2 protein chains.
Amino acid sequence: MRTFRIWAPKPKMVELALGPRRIPMSRHEDDWWTAEAASLDAGGDYGFILDGKGPIPDPRSSSQPSGVEGLSRAVSHETFAWSDSGWQAPPLSSAVIYELHVGTFTPQGTFEAAIEKLDHLVELGATHIELMPVNEFSGNRGWGYDGVDLYAPHHAYGGPDGLKRLVDACHLKRLAVILDVVYNHFGPVGNFLDFFGFYTTDHFKTPWGPAINFDGPNSDEVRRFFCDNALMWLRDYHFDGLRLDALHAIVDCSAIPFIEQLAGEVKELEARLGRHLVLIAESDRNDPRLLMPRESGGFALHAHWNDDFHHSLHTVLTGETAGYYADFGSLADFCKALRQAYVYDGYYSKFRKCRHGRPPIGLDGHRFLAYLQNHDQIGNRALGERSSFLMSEARLKVGAALVLASPFVPMLFQGEEWGASTPFLYFSDHQDGALAEAVREGRRREFPAFAEHPADIPDPQALETFARSKLTWEEVLQPRHAAILDWHKRLIRMRRSEPALCDGRMDLVRTQFDENNRWLVVERGTLTIVSNLGQAPAAVRLRKGPHQLLAVSDVGITVTVTTATLPPDSVAIFKLPE
Amino acid sequence: MRTFRIWAPKPKMVELALGPRRIPMSRHEDDWWTAEAASLDAGGDYGFILDGKGPIPDPRSSSQPSGVEGLSRAVSHETFAWSDSGWQAPPLSSAVIYELHVGTFTPQGTFEAAIEKLDHLVELGATHIELMPVNEFSGNRGWGYDGVDLYAPHHAYGGPDGLKRLVDACHLKRLAVILDVVYNHFGPVGNFLDFFGFYTTDHFKTPWGPAINFDGPNSDEVRRFFCDNALMWLRDYHFDGLRLDALHAIVDCSAIPFIEQLAGEVKELEARLGRHLVLIAESDRNDPRLLMPRESGGFALHAHWNDDFHHSLHTVLTGETAGYYADFGSLADFCKALRQAYVYDGYYSKFRKCRHGRPPIGLDGHRFLAYLQNHDQIGNRALGERSSFLMSEARLKVGAALVLASPFVPMLFQGEEWGASTPFLYFSDHQDGALAEAVREGRRREFPAFAEHPADIPDPQALETFARSKLTWEEVLQPRHAAILDWHKRLIRMRRSEPALCDGRMDLVRTQFDENNRWLVVERGTLTIVSNLGQAPAAVRLRKGPHQLLAVSDVGITVTVTTATLPPDSVAIFKLPE
């Protein structure tokens, strides 16, 4: 016998639908309902019938073999044969993170297929994989941020067992695995949660749908839904950490905010498991409270995706000025990002039309992620262009060096390491025709620059849009891509071997730049990174040498005891004797 | 010549209307508009014309002689002859606050008339007056929370000069003055602010109208509007502090929240003026972050209205269980409030249907205000009943003793000190017929208990409802009221003369109670407060005496070396030799 349980304060009657059987459930004082039923055989999928309507899937379903509208399947987390006993993830301070979308990482788009590529990641030097959301979302393809069955690994990726095999395989290869989880909204399709309980609120809105009810009536159980989800991934799937999507879209005015509760419960689990766990925030608020220690009123999350680093680097490299890039563009901004993480730490933002952010005083560089690109920065462009589409190979190498020699935790997006020729487009697979059309339309409205040629924007619903976004692994062998891959490997090896590069103390970073001639010097202990983004060769004065050449992106780079000469779009890393 | 200035990002054209003249204003880059005009004579009221519409009043008007829809009058803050030089307010740790509504405090309902009653407050032992909002609101009578011209003292109260005379007179009598300010919404009438700029947001709502835009585009100037308002009251009107209304109705997700900015600017002003200033929060979130020091991530406000103390005391004394009172009622709750300020410090609230609050660890009792009643707790009842309407005089004395012997900052509401026979009703004076009717209707809907006799609820718009709420000072001489007044004076004197009563260390408070027989012992150093709220006499064991009797509310109270015997509804304060 097994006990089925469901929190459902809204309906007056709940039945368990188990195969052809309808089993009445008993309501308890806390609005949980239970029923006992014989153990399920393989085909014994189940659902709940609320006040006669349904069956609909279990909000805490472990598996949705037929997708978000189908029945739920119970999965035991006791039976998987883990082989990662004693595993400990390396600390973020020595991490190189690799962001990965299961559906497009391999031709097959499955957990299983991803396993075959792990050697590539190990050879690259990555220490952590970060999986874009794997929770069940509508259809067979999507980025994953419109999840609804947050406890169920997506059926098209290979479900619960596939995911466990992937995490286990990673650990065997000494790769840590972080999962991207979305606790700020639910997807529009297959979202039955509000039939059961008060998961969402109409007090606030997010750009993607109603906000989650974290501080209103009945919010305790809503918090449990999300906290238990986090604990499940870490405990039952052996994840080493979570990336918390878009925390700025959570409005929570309570005295003990949800994020604080979540961080506290993960901390307790960490102690129980004896295994290091990390929480990495995405938030556009530039609010160091997310990272500050508890005794300073902070939530003590481990790290923060630092978009200011990205935007300031991206604009310096591309000259783009549209949208939020209008707030960036100078070498001064990029140098501020290098030395203080946030460019906007209380200053007026033209894009936001108000002062923004707060200085992250006392925080180490290893509390911030630095990247030249990520799924959002690529995929939220109309044509999904990677940095390698937007700039020369020479300039791409400069960007890679500035990320991988930064005092932050560097992150690459799948294929970045070889300058993949494939785009990463926005794709979805909504079965509902009206919604599909709305997504198409919304996508077009997002890019007024394409107003006259809307058909140029790839149709998110088209299978081709998804297919085009898959990595083409064959190209890695082509000389151009192999050279880019080699450059990344070299930089990562250097980051490993040179303690100065891994030093997270931002206040020790020294910068020097010429805004007009576009050259930049970054000193990190005994190491100096010099780059020239100008149109003419630059002769840049250095600390007195002799300078050992660790890496040059261009054979035309020369150095004397006091001066480096760099052709346009080149970068060099020098080392002074200790 | 004088420069008129106005922040107005919305209109395309702004003109200054000065008497019959229309003077074009010049727009500056920061969306401020200016115009030079000859100094105004007494009758030279002004307004602004936005894109040809108007004139409408200045959002920062110093005076609205004809109300919220009328023209503005410029007032110089340089000319008033202050006589309070060298004034310093006493600290909150030795304060007794007296909440006062100017319109009903005296028959005339003016600042000037209030001055005549200051001797009464001095004799009572009050140290601070807290004025309910005096900003311009619609009509000639109202509580003041629906203000729109936040810089203009209400014309019906006596305008800017009247207010300055009142504050000056208070200071001469060594009374500090705190002003209640409403920074969470604007009133529905005379609200022209959003014609000028982006003062409100549709992202969040308050129960009383759109929320203020503290963190969205254009919010910097909105923050300036409120910060400058706070600074004006403290600097130009010599207020000693502000009571910040309903901070829980402010949703502000920025990294440097408005409240933190406001507190910082007031702190700077304090240093500049060399005069102690306090900020007192109203917030229903039970969030000690408001009070915590900056280094702990707090906003370092000075004190917090503690409704949990009120609710737990009120329910113990009245047995009421409606609405939020359902969350309280036991002596255990009241004792928790005495020892930990918040009853809800993270525990589940049945009324709110979620966990609520956070422990105010390390905070002194003097950071919390304690009261048996206030304008809200009285006026938000259908019939505006004071505690003296709801309980016997004997029980009222118990309540007063428990407030005035608490480790908190005690506060009385005008007339409480003599058990005034007048109610304090909800009243308004909206000229707009539809709005007036909506207010009436809203009031009726608020009290389902009156569904069958809605006419029993006093009409908020009726002049009589306001008139009935005015204090009847003559009654102070009647023996019953004189006795209550005497009891309050005695308790306040005792609080002054007994250091143990003024001790804010909540962790030193010892409590003992019998939930069934309804007696309660509160030990505060050498002092013991014993009260019997049961229906039978109570014999309560005390620390070994001899006990000196400091105050008894009932002549039937007796005490031996170890035992106090109290008749029902009585309270006694004993002292042990040091």
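In the predicted model, Cys335(A) is buried, with a relative accessible area of 0%. Cys253(A) is likewise classed as buried, at a relative accessible area of 19%, a value that falls under the 20% limit for this class. Over all chains, the structure contains zero disulfides. For Cys253(A), the closest cysteine sulfur belongs to Cys253(B) and lies 6.4 Å away, which is too far for a bond, because a disulfide requires the two sulfur atoms to be within 2.5 Å.

Within chain B, helix H6 (residues 219-236) packs against helix H7 (residues 258-273). The crossing of H6(B) over H7(B) is right-handed. On the side of H6(B), the contact is formed by Arg223(B), Arg224(B), Phe226(B), Cys227(B), Ala230(B), Leu231(B), Leu234(B) and Arg235(B). Their counterparts in H7(B) are Phe258(B), Gln261(B), Leu262(B), Glu265(B), Val266(B), Leu269(B) and Leu273(B). By residue class, the contact of H6(B) with H7(B) comprises 10 nonpolar residues, one polar residue and four charged residues.

Elsewhere in chain B, Gln535(B) occupies the loop that connects strand E24 (527-532) to strand E25 (538-541). Gln535(B) has a relative accessibility of 83% and so counts as exposed, the threshold for that class being over 50%. Between Gln535(B) and Gly139(B), the separation is 396 residues in sequence and 48 Å in space, taken from C-alpha to C-alpha.

Terms used:
Residues numbered from 1 in each chain as written. Chains lettered and ligands numbered in written order. Predicted model: local features only at pLDDT ≥ 70, side-chain atom pairs only at ≥ 80, totals over all residues. Heavy atoms only, no water. Buried < 20%, exposed > 50% of the residue type's maximum accessible area, 1.4 Å probe, protein only. Axes fitted to C-alpha atoms, helices over the stretch in contact; angles between N-to-C directions. Helix = DSSP H or I, 4+ residues; strand = E, 2+ residues; numbered from the N terminus. Left-handed = near helix turned anticlockwise from the far one by under 90°. Contact = heavy atoms within 4.5 Å. Nonpolar A, V, L, I, M, F, W, Y, C, P; charged D, E, K, R; others polar.
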